[in-house]
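Open the model in a viewer and keep the selection panel at hand. The stops below follow one another, each with something to select.

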Amino acid sequence: MFKRLAAASLLFATLAANADTVAIIGTGDVAGALGPEFAGLGHTIVYGSRDPERPKVRALVERSGDGARATTPAAAAADADIVVLAVPGLLVEEITASLGDLSGKILIDPTNPLRRGADGELEHSVPTSNGEIIQAAAPGAYVVKAFSTLNWRTMVDPDSSGGPVSIPLAGNSPEAKETVAELCRGLGLEPIDLGAIRNARWIEGMLIVWINNRYTDRPAFEFHLRRSD
Ligand SMILES: NC(=O)c1ccc[n+]([C@@H]2O[C@H](COP(=O)([O-])OP(=O)(O)OC[C@H]3O[C@@H](n4cnc5c(N)ncnc54)[C@H](OP(=O)(O)O)[C@@H]3O)[C@@H](O)[C@H]2O)c1
């Protein structure tokens with residue numbers, strides 16, 4: 001047991017200190033925001049796409065730094081230390097299962113399981129959370145819920161929010177959360193640890209209240225957690 005913990009600590013120390021290979025599964029808005037930003041921090045980006053040859057994906061690779069490339073989702077994940085699941089929120093279970101063995105990798109989950117209800121409002125559509133669903137689908141991975149509470153435009157330009165922008169994190173591994181926290185700081189964002197992965201369900205709820213006001217005629221607003229210590 002001690003040896004396993006020591007090995008895990010060494011792995012995280014190495015991940016935190018070195019440039020990593022980061023797989024981003026998906027090539028949409030969140031992938032297009034985080035990929036080039038992580039490349040700017042010195043990481044090598046590999047996109048996992050259902051169609052890695054199409055022009056839109058090639059253009060994304062072009063703006064994602066030295067060594068960036070695109071391949072299939074499973075091949076991208078296999079090569080990576082850190083995997084970002086920038087995919088539709090209702091498909092996370094099947095997409096995670098399709099990526100092969102993710103044991104030992106940090107799995108960043110920015111997804112939100114949104115479904116439109118009969119009255120037109122978006123709803124959180126799973127009984128637990130996507131974070132927990134992904135952790136169950138990849139039990140050997142270190143899942144960290146992150147980046148799900150803010151629009152992709154704020155991810156690349158936090159100053160546009162007019163003040164510090166926090167990123168609530170949830171995950172069962174403190175070391176994995178610290179690695180993701182370091183990525184957040186690199187992007188000019190403020191990570192805040194909200195505990196274990198089961199708390200992902202409350203984090204996912206934060207987006208629902210924001211998005212329902214943003215896209216109805218009710219008043220739009222921004223909100224961010226602020227540390228009080
Ligand atoms: N947009 C935001 O501002 C924002 C902010 C925070 C969180 N989120 C969450 O982050 C996740 C990604 O959001 P996004 O806006 O980047 O979504 P998006 O623009 O729709 O991109 C999703 C990507 O997932 C990949 N994909 C894999 N299987 C797919 C399938 N069966 N159908 C459709 N796409 C599939 C696609 O890449 P390929 O076509 O290359 O395979 C696609 O580009 C969502 O869960 C969303 O709720 C979004």
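**Stop 1: helix 6**

Select helix 6 (residues 130-137): 6 of its 8 residues are buried, so the helix is largely enclosed by the rest of the structure. Buried here means that 20 or more other C-beta atoms, placed from the backbone, lie within 10 Å of the residue's own. Helices (H or I, at least four residues) and strands (E, at least two) are DSSP runs, numbered from the N terminus. This is a predicted model, in which local features need pLDDT of at least 70 and side-chain atom pairs count only at pLDDT 80 or more, while totals for chains, interfaces and linings use all residues. Residues are numbered from 1 along each chain as its sequence is written.

Colour Asn130, Gly131, Glu132, Ile133, Ile134 and Gln135, the buried residues of helix 6. Their cover includes strand 4 (82-85), helix 5 (92-97), strand 5 (106-109), strand 8 (142-145), strand 9 (166-171) and helix 9 (200-214); contact requires C-beta atoms, placed from the backbone, within 7 Å.

**Stop 2**

An open sheet of 8 strands has the order 3-2-1-4-5-8-9-10, with mixed pairing; two strands pair if DSSP finds at least two bridges between them. Strand 3 (69-71) and strand 10 (190-193) are at the edges with a single partner strand each, so one side of each has no neighbour in the sheet.

Zoom to strand 1 (residues 21-25) and strand 2 (residues 44-48), which run parallel and are joined by 5 bridges. Isoleucine 25 is the residue opposite glycine 48 in strand 2.

**Stop 2: the nonpolar core**

Which residues touch the most other members of the largest nonpolar core? Val84 and Leu107 do, in a core of 56 residues. Such a core is a set of buried Ala, Val, Leu, Ile, Met, Phe, Trp, Tyr and Cys residues joined through C-beta atoms within 7 Å. Select valine 84: leaving out residues up to four places away in sequence, it touches Val22, Ala23, Ile24, Ile25, Leu34, Ile108 and Pro110.

**Stop 3: phenylalanine 147**

Move to the loop between strand 8 and helix 7 (152-156), where phenylalanine 147 is placed. Phenylalanine 147 has a positive phi of about 70 degrees although it is not a glycine. Phenylalanine 147 is also buried, with 26 other C-beta atoms within 10 Å.

**Stop 4: the ligand**

Finally, select the ligand and the 24 residues that surround it, the closest being Gly26, Gly28, Ser49, Gly89 and Thr111; the criterion is a C-beta atom, placed from the backbone, within 6 Å. Helix 2 (residues 29-40) gives the largest share of this shell, 3 residues.

Methods:
Buried ≥ 20, exposed ≤ 12 C-beta atoms within 10 Å, placed from the backbone. Contact = placed C-beta atoms within 7 Å.
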